[in-house]
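Welcome! Please take a look at the sequence and the 3D structure below, and then we will walk through them together.

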Protein chains: 2
Amino acid sequence: MSLIRSWVESANDPECDFPLNNLPYGVFDAGQGPRMGVAIGAFVLDVVQVDHGLDPSLFAAPSWNAVMAAGPEVWAALRARLTELLAGEAHRTAVEPHLVPLETVQMRMPFAVTEYTDFYASKNHAVNVGTMFRGAENALPPNWLSIPIGYNGRASSVVVSGTPVQRPLGQLKAPDQDLPVFAPCQRFDLELEMGAIVGQPSSGMVSVAEADDMIFGYVLLNDWSARDIQAWEYQPLGPFQAKATATTISPWIVTKAALEPFRRPTPERERPLLPYLAEPGPMLYDIDLSVGLAPEGKAETVIARTNYTHMYYSAAQQLCHHTTSGCPMRVGDLLGSGTISGTTPDSRGSLLELSWGGKEPLTLDTGEPRSFLEDGDRLTLYGAAKGDGYRIGFGACSGTVRPAAAAELPTA
Amino acid sequence: MSLIRSWVESANDPECDFPLNNLPYGVFDAGQGPRMGVAIGAFVLDVVQVDHGLDPSLFAAPSWNAVMAAGPEVWAALRARLTELLAGEAHRTAVEPHLVPLETVQMRMPFAVTEYTDFYASKNHAVNVGTMFRGAENALPPNWLSIPIGYNGRASSVVVSGTPVQRPLGQLKAPDQDLPVFAPCQRFDLELEMGAIVGQPSSGMVSVAEADDMIFGYVLLNDWSARDIQAWEYQPLGPFQAKATATTISPWIVTKAALEPFRRPTPERERPLLPYLAEPGPMLYDIDLSVGLAPEGKAETVIARTNYTHMYYSAAQQLCHHTTSGCPMRVGDLLGSGTISGTTPDSRGSLLELSWGGKEPLTLDTGEPRSFLEDGDRLTLYGAAKGDGYRIGFGACSGTVRPAAAAELPTA
């Protein structure tokens, strides 16, 4: 597949994140409140203002949930119509007045997150973390090669790129102490992930193929993690407050349709999967990912580069597994892939791994050492699938760490 | 406190769950679709039809979320007005036509569950389960006496009493097998809990006192649990599909106001709590609880009796802890207390404990043995706070187990 040309010239630049092949969906605010938009080149199209051909009620709320709920035929119709409007010079006069320069807008949450589930499905990440905590011989839990392990996260804490993230307070217990203290997190971390957005509901169990059909699109996702809070709280029922401070997503929903040319298979299995998890076709995507860290007032260092194909389980497999117990899925559910780490030290998707539990601090290009995040650090995820003369970009997924709340804690 | 008399005579019966002191909120359907109602005696009051004195928009949707969001002053005003209408003979003529016999209505979900969190906060339960899995000396996890341990559950699977519950499918691995199979759960269980409903939102950390103010009311809650799915999946990130089949709640929200006379303190601490978890007053309630199990077509046996005061942490402490990381709480969030077990063998709130992991099956009054739930079993929770000549009842929290889906599983 090659570039589809648009009369929006900036969309034809091979380095542009938003060519006509992409058409990602977001919610923007240019000073008149939140509106539904589509990114094209250096602009966002105020989609409600153009002859999109769909029921206007789908655009009544500033969120993409109603379009998602309308189903795959509507998804295809909207994409076809937008392509027509932005490719054909004939429509330029009618459409061009509704293009707003991206640099003048604030992005908002593109959809209302119904429920949020986070997985643990990159084998390199699981082996790295397991090796640190349990030694190389017991790195992978016994169930890992059979189950796309996941846990329920907190939808209320999902925020859009650009939202500041306050360092959490919590119970911390040092290994040499008997009792915990209540204090600001000292090992605040990122997790580089992709998020899959459920666009159709289910009741009862669905197959992997049906699950893939239910997915509307993907975002970049940073699951901020308080490693010290997690270490003390997570046995026996899993991470809770360690993961509830914030989860940042990129502002543009990149549709499954835009990613079609980049489908790739999951890896060979070391242990046969149970039949219900078999995939009918390739369900991962070739998406280059990177992480940038900029200390306050300083330049950014790229601290990791990896690719979405380093997953052991696809989002479709995760979603299928999520329904096995009869769990109903709803429009707007968000599934985090789990931290995506490659095989090399510089392809690890968390500081926990990059600094090997803090024992091997990174040195940023600007000279600072980093084991975990410092106040003022700006953390940004980047992602793009790269085609022939074009790229399907996600836009930046960014957040800056603010200091913890004052030590005078509320008490009874 | 003693009975407040109503002109609805059935409400003055000392054995009635719904005297004027109670006034619980639900959503009923008498054949004209779902409507907001208040239980009084043997009736439900169609509250929209009476002169309730509040903004009608609070009653626009058939759910109590808008009233909750309106805040404590509205909560108090509505309770005062309903008491006036149902106590004073002067209002009888206007109000009586809007009483619908309870036996003629179907109950619906009383509120939309925003997010669902489940805790693990009865010490007897934690010790029982820990003893079975890790031995008596390591029964309590090291963090248990410091943290009200919780995990995020799945709001989409919360259902109202009366909804059938289908036995889940899932990955099961027998201790003597190397690999799992995909099959119907064989150790399907109940968990006797109370649910606290968050009626006001928060951003940032709140104190225990503020948390108590945010709670609107309580329901009975059965957190159906697939013990065999849980055993294989739960390491390292906690229970997931084992808890996602269904969580059943009782249909009436019993308000905090109705429960005021029954406040009781949490127990003495074996290890001092961190100051943020200290309680400014008694925050548990003296509520008698019981569990009934009826095999298909047979009479019910009461298999457990316990009391809500057997909790180590109150809902207010749990809600405070939930906010420590900055996690925003929203109107309609539901917090499960965790399984409530007393100190005696017949006061345990799960079959896992009652049958001691299946090793000591119960014998029902009708002669059947039970280690875990069988298809066709109807499981019902009951609860009431008992005052001087009256009771604050919750109504039954019931569900019947249906067979698992056919073994022909969807595959790719």
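## A helix across a sheet

In this predicted model, helix α2 (residues 72–87) of chain B lies across β1, β2 and β3 (43–46) of chain B, and runs at about 65 degrees to β1(B). Helices (H or I, at least four residues) and strands (E, at least two) are DSSP runs, numbered from the N terminus. Axes are lines fitted to C-alpha atoms, for helices over the stretch in contact (heavy atoms within 4.5 Å), and angles run from 0 to 180 degrees between N-to-C directions.

A word on conventions: residues are numbered from 1 along each chain as its sequence is written, while chains are lettered from A and ligands numbered from 1 in the order in which they are written. Local features need pLDDT of at least 70, side-chain atom pairs count only at pLDDT 80 or more, totals for chains, interfaces and linings use all residues, and side-chain values use heavy atoms, with hydrogens and water left out.

## The sheet in chain B

What is the strand order here? The open sheet has 5 strands in the order β4-β3-β2-β1-β5 (chain B), with antiparallel pairing; two strands pair if DSSP finds at least two bridges between them. At the edges, β4 (99–101) and β5 (106–108) of chain B each pair on one side only.

Strands β1 (residues 25–29) and β2 (residues 34–40) of chain B pair in the antiparallel sense over 5 bridges. One place to look is B:F28, whose bridge partner in β2(B) is B:R35.

## The sheet in chain A

Chain A has an open sheet of 5 strands too, ordered β4-β3-β2-β1-β5 with antiparallel pairing. Because β4 (99–101) and β5 (106–108) of chain A each have a single partner strand, one side of each is left without a neighbour in the sheet. Between β2 (residues 34–40) and β3 (residues 43–46) of chain A there are 4 bridges, and A:A39 has A:V44 as its bridge partner in β3(A).

## Where the chains meet

How many residues does each chain bring to the contact? Chain A gives 63 residues and chain B gives 63 residues. The area buried between them is about 5,700 Å², with 61% from carbon and sulfur atoms; buried area is the accessible area (1.4 Å probe) that two parts lose on being put together, summed over both. In chain A, A:R154, A:L237 and A:F240 lose the most area to chain B.

The interface has 4 salt bridges (a side-chain nitrogen of Lys or Arg within 4 Å of a carboxyl oxygen of Asp or Glu). One salt bridge joins the side chains of A:D333 and B:R154 (2.5 Å, N to O).
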